[in-house]
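Work through the exercises below with the sequence and the model open. Try each task before reading its solution.

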Number of protein chains: 2
Amino acid sequence: MLPPMTTTAIDRTRLREVHARERARFEERTRRSAALTARARPLMPDGVPMAWMAGLYDHGPVHVAHGEGCRFTDVDGNTYIDFNQADLAASCGFAPPAVVAAIAERAARGMQFLLPVEEGIEAARLLAVRYDLPGWQFTLSASGANAEAIRLARHRTGRPIVVVFGGHYHGHLDDTLVTGDEQHGAPGLLGLNPRAAADTRLVPFNDLDALERVLAGEDVAAVVTEPALTNVGVVLPDDGFLAGVRAATRAHGTLLVLDETHTQTVAYGGLTRAWGLEPDVVTLGKSLGGGMPVGAYGMTAELRDHLEEYRDAFGRVTGIATGGTTYANPLSLAAVVATLTRVQTPDGFDRVRALGARLADGIEAQAGERGLPWRAHRLGCRSGICLEPELPRNAEDAARSIDAALVDARRLHLANRGIWDAIASAGPAASFAHTEADVDAYPEALGGFLDDVVG
Amino acid sequence: MLPPMTTTAIDRTRLREVHARERARFEERTRRSAALTARARPLMPDGVPMAWMAGLYDHGPVHVAHGEGCRFTDVDGNTYIDFNQADLAASCGFAPPAVVAAIAERAARGMQFLLPVEEGIEAARLLAVRYDLPGWQFTLSASGANAEAIRLARHRTGRPIVVVFGGHYHGHLDDTLVTGDEQHGAPGLLGLNPRAAADTRLVPFNDLDALERVLAGEDVAAVVTEPALTNVGVVLPDDGFLAGVRAATRAHGTLLVLDETHTQTVAYGGLTRAWGLEPDVVTLGKSLGGGMPVGAYGMTAELRDHLEEYRDAFGRVTGIATGGTTYANPLSLAAVVATLTRVQTPDGFDRVRALGARLADGIEAQAGERGLPWRAHRLGCRSGICLEPELPRNAEDAARSIDAALVDARRLHLANRGIWDAIASAGPAASFAHTEADVDAYPEALGGFLDDVVG
C-alpha cells in the first residue's frame, strides 16, 4: 500500500536514518532491560511473561521498575510520561492512591471466598446508575465479559451467529478473533479452533446496508461492537449510524452488545450514557478496577431475569455457561468501587476530557506548523494521529494512518526523550493522572520528531 | 439412580427431616445475608456478582464480611472454619500476610504497564524449578492458561482434536465445557458455540484402550487432563495409567497438557513433580497467587521456542492467539512470588499433607464408628467422602458418591455448627492456614451429622 498522500512530506530516507539513529540510542539507554530480557528468555518466550509485551513493539521490551501517576521508570532509570497507559488499563494512573488503599485494605480482610461481599452490590449499583442497565455480573477481564455476553445472547435468541465490524477487537475469544466478511468468518490468529469463527460475520463500520443484509438472515444472536472503534486508532460513528444499528437489531430480534472496554474511559457512563445509546448488554474491563484486573457486563432487566432463570447449578440443572472461581473476587470489587467513586468521577471525566482535547489541539498544531494536514482523533482522553485530512469511517480508512515506519521511528524518538507513545493500534491518551504540563510534553516531542523527518 | 448400597444405613426420612430443620435454622442465622441478597437481586441475577455463588449451593448465598487464616465471618456475625477455600483458590488462607504485604507493596509501585517487571522472571524461575518445565506464560486464570495451551497444541501439531476425560473440568472454555464420547463432543452447558465442542472427544479416566482408539485417528492435538481428577470428588489414576497416557500420546504425536489448577495445592511442584510426570504443558491457577487471581502455564523448551517463533506482532506478523492486556500484571506476579516463597514452601506442603491425612483419618473414623464402610479421599490437603468401600476409578464411579440429598443436608448441618463444607463437586480440604485443631473440627461435626441421620 502506498503511504497516504499527506505523508509525502515525510522524507522516507531521513525516516530510516532517524529510526536507525534513535534505535541505537534507545538500545544504549536500555541496556539493563536488554540484559534482563536475555536472562529471562530461557524462562519465558521472548523473555516476557505475556507474549504481547514483546509483540506490540518493534524494539526489545523495556522492563519497568515502578510507576506512579502518569510516569513510569524502567530498570535503567529512564523515566517516561506514559501516553499508552497499558492500552488504557492504567488510565487512572499507575498507582491511584484510593485504589491502592482499597486493595490493601480488602486484601487484609480476605481475597477469595467464592461467596458474595458487600462491595459487589455497591459496584453493581454504581455501574447501574452510570450505564442505565440494571443487571451486572463480574469477570476477570473484558474478554470474559464478552464471552459471557455472547453465550447469553445465543441462548436468549436461540441463534448461532455473531456480527462484528471490521476493526473490531473484543478480547481473546475464538468467536471474535476473526477475519472474514458478510458471508463467512475465519480465525484471525493462529491456533484458534477454526469452527468457532465460522459462526461470525464481519461488516464494515458505518455501513448500515451491509449490516441489514446480514441481519436479514434472522439468525444473528448479537451484534458486538465498540460505540466508536478504538483499536485501529479511532473511528467515530457517522451521525445516525448507532441509532440505525439499534433500530436494525431490534427489527430483526438481534441483541446489541456494546463493548466499552476502552470507551468507558472517555466519558462518565461511557459512550452509552454520553451518546444516549440503548444496548442490551455493555461490557467493561481494563480501567474498571483502576489497575486491578476486572471485567463486568451490564444487561437489561429482561436478560438479568433470563440469566437467573437459566442459572447453572452443579449437578442439578444445566444452565448458561457463565462464571469462574475467581471472578467477582473481593479485591476486584473493592477496586471497582474505589475507582468509580474516587477516580472516575464526573469531575475527573471533565478534567480528562479537557486534557484529551488539549492533546489533540497540540498534535494538530505541531503537524499544521509543518504543513502536514493531519487530523487528531478526539474521543475524551483519547487522541491519535490521522494522516489524512478526512477522519476514517471504517477500518480500511483507519489502516492507512497506521504507517509502521512512521510509528516505529516516532516511538523510539519519543522514548529517547522521555515520552512513552501509544501502541500502534491505539493513539496517545491523557490519563486521570496527567496534568496540562504532562499532556503538553507529547505534542512538543512530536514536533521535535517531525523536525527530524519532514523534508 | 439408586443411592449407593453403603448409604442404606442413612435413614432417608430422617435425612429429609434433618435437612428441613437445619435449613430453617440456617435461614434464622443468616437473615442479614438474605436481606442483602434481596437488596442485590435487582442489580445482579440471584443477587450475586457471579452466578456460581448462587448455583453452587442448595441454600441462599452467604455474604462474607471478612476472612483471615482458615476462618471467615459472614455479615450476620457467624464464623466458619472453611474446608472449601473458594474451591482451593484460597488454600493459602484468606489473607496470607506475606501475600497481602506483597500486593500492597507492588500496588503502590504500579499495577499495569503492559510491560514486563522483574517479579515475572522470578515467578517463572520458581515455577520452572518446581515443575521442571523451562518456559512460562501468565494469564488471569487457569481457564486462560488452558485456552492458550490448546491453541499452542493445535498450532504445533497442525491437528484439530482435543481429548478430555469424563469428570474433567478445565475452566469455562467452549472447547472443554463439553459432554460426549469417543466419537463426538457436544456443549456441556447452555449458550456455548456448538461447533467448538465438535472438535473435542471424551474418554473414561483410567481407560487406556479407549484413549488409544481415539489417538489412533492421528488427529489429536492434545490430551488435557488433571493428573488426578478433582472435580468429581477425587479419582486417582491406576498404577501405570499416567505412564500409559504419556507413552500413547508420544507414540501418536499428541501433546499432553496436565491441568494442575487444583493439584498444585496438594504437593510441591504439583503431582507433576510428586509423581515424576512428563507433560508437554502444565496449567496452573487458583491458589497460585495466594488469593490474587492469576493463571500460568509451563511448557517444554520446544514449545517455548515455538511460541516465540510464532509470536503475534500487531500489524506485522499474524501469530498464535495468546495474551491479554492485563495478563501478567505486576500485582499477580508479585503475589505468585510471595505465595511460592512464603506460603507454598516445601515445609508448608509437608505440614498441609499431614493435615490432609489427619482429615481423611478423622472422616473414616467417624464413618467407621457408625458402621458406614465409607472411604476418605487422600490427595495431599484434599480429602472427601467416597460412599463406597472401593475408591472410584472414573467419573461414573465417582458420581455415585455425590449424593445430593446427603450433601445438601450435611452442608447445612455443618454450617450451623461453624463448619463450611466443600462444594458438592469437591471434598473438604485442609488449607495452609489450618491447625490440627481446625482440621479436627470437620470430622467431629461430621460425626454429629451422622448421629442425626444414621438409622
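**Exercise 1. The largest cavity**

Task: Find which residues lie nearest the centre of the largest cavity, and describe its lining.

Solution. 
Step 1. The lining of the largest cavity consists of 33 residues, and those nearest the centre are A:Ala147, A:His172, A:Leu173, B:His172 and B:Leu173.
Step 2. Two elements give two or more residues to this lining: α6 (142-157) of chain A and α7 (142-157) of chain B.
Step 3. The largest share, seven residues, is supplied by α6(A).
Step 4. Sorted by class, the lining holds 13 nonpolar, 11 polar and nine charged residues.
Step 5. The space in the largest cavity is about 580 Å³. The count of cavities of 30 Å³ or more is 10.

**Exercise 2. Confidence in the model**

Task: This model is predicted. State what mean pLDDT chain A has, and which ipTM and pTM the complex is given.

Solution. 
Step 1. Chain A has a mean pLDDT of 96, and 98% of its residues reach 70 or more.
Step 2. For the complex, the predictor gives an ipTM of 0.97 and a pTM of 0.98.

**Exercise 3. Where the two chains meet**

Task: How many residues of chain A are in contact with chain B, and which residues of chain A lose the most area to chain B?

Solution. 
Step 1. The contact involves 122 residues of chain A and 122 residues of chain B.
Step 2. Between them, the two chains bury about 10,500 Å², and 62% of this is on carbon and sulfur atoms.
Step 3. On the chain A side, the residues that lose the most area to chain B are A:Leu114, A:Pro116 and A:Leu190. Together they account for 7% of what that side buries.

**Exercise 4. Positive phi values**

Task: A:Gln85 and B:Ala86 both call for a look at the backbone. Find the phi of A:Gln85 and the phi of B:Ala86, then place each residue in its chain.

Solution. 
Step 1. Start from the general rule: most residues other than glycine have a negative phi.
Step 2. A:Gln85 is not a glycine, yet its phi is positive, near 50 degrees. A:Gln85 sits in the loop between β3 (79-82) and α4 (97-108) of chain A.
Step 3. A:Gln85 has a relative accessible area of 2%, so it is buried, the cut-off being under 20%.
Step 4. B:Ala86 is not a glycine either, and its phi is positive at about 50 degrees. B:Ala86 belongs to helix α4 (residues 85-88) of chain B.
Step 5. The relative accessible area of B:Ala86 is 0%, so B:Ala86 is buried.

**Exercise 5. Buried or exposed?**

Task: Decide whether A:Glu309, A:His168, B:Ala247 and A:Ala360 are buried, partly exposed or exposed.

Solution. 
Step 1. A:Glu309 is part of helix α11 (residues 301-309) of chain A. Its relative accessibility is 57%, so A:Glu309 is exposed.
Step 2. A:His168 is in the loop between β5 (161-165) and β6 (178-180) of chain A. With a relative accessibility of 15%, A:His168 is buried.
Step 3. B:Ala247 lies in helix α10 (residues 241-251) of chain B. Its relative accessible area is 46%, so B:Ala247 is partly exposed.
Step 4. A:Ala360 is in helix α13 (residues 346-369) of chain A. Because its relative accessible area is 0%, A:Ala360 is buried.

**Exercise 6. Sequence and space**

Task: Which contacts do A:His168 and A:Ala360 make, apart from neighbours within four places in sequence?

Solution. 
Step 1. A:Glu309 and A:Gly319 are 10 residues apart along the chain, with 8.5 Å between their C-alpha atoms.
Step 2. A:His168 and A:Ile150 are separated by 18 residues in sequence and by 15 Å from C-alpha to C-alpha.
Step 3. B:Ala247 and B:Thr325 are 78 residues apart along the chain, and their C-alpha atoms are 37 Å apart.
Step 4. A:Ala360 and A:Val234 are 126 residues apart in sequence, while their C-alpha atoms are 12 Å apart.
Step 5. Leaving aside neighbours within four places in sequence, A:His168 contacts A:Thr176, A:Val178 and A:Leu202. By the same rule, A:Ala360 contacts A:Ala376, A:His377, A:Arg378 and A:Ser383.

Terms used. Residues numbered from 1 in each chain as written. Chains lettered and ligands numbered in written order. Predicted model: local features only at pLDDT ≥ 70, side-chain atom pairs only at ≥ 80, totals over all residues. Heavy atoms only, no water. Helix = DSSP H or I, 4+ residues; strand = E, 2+ residues; numbered from the N terminus. Buried < 20%, exposed > 50% of the residue type's maximum accessible area, 1.4 Å probe, protein only. 1 Å grid on protein atoms, 1.4 Å probe; cavity = no way out; pocket = protein on both sides within 12 Å on 5 of 7 lines; lining within 4 Å. Points joined across faces, edges and corners; volume = space filled by probe spheres on them. Nonpolar A, V, L, I, M, F, W, Y, C, P; charged D, E, K, R; others polar. pLDDT = per-residue confidence, 0-100. Contact = heavy atoms within 4.5 Å. Buried area = accessible area lost by both parts, 1.4 Å probe.
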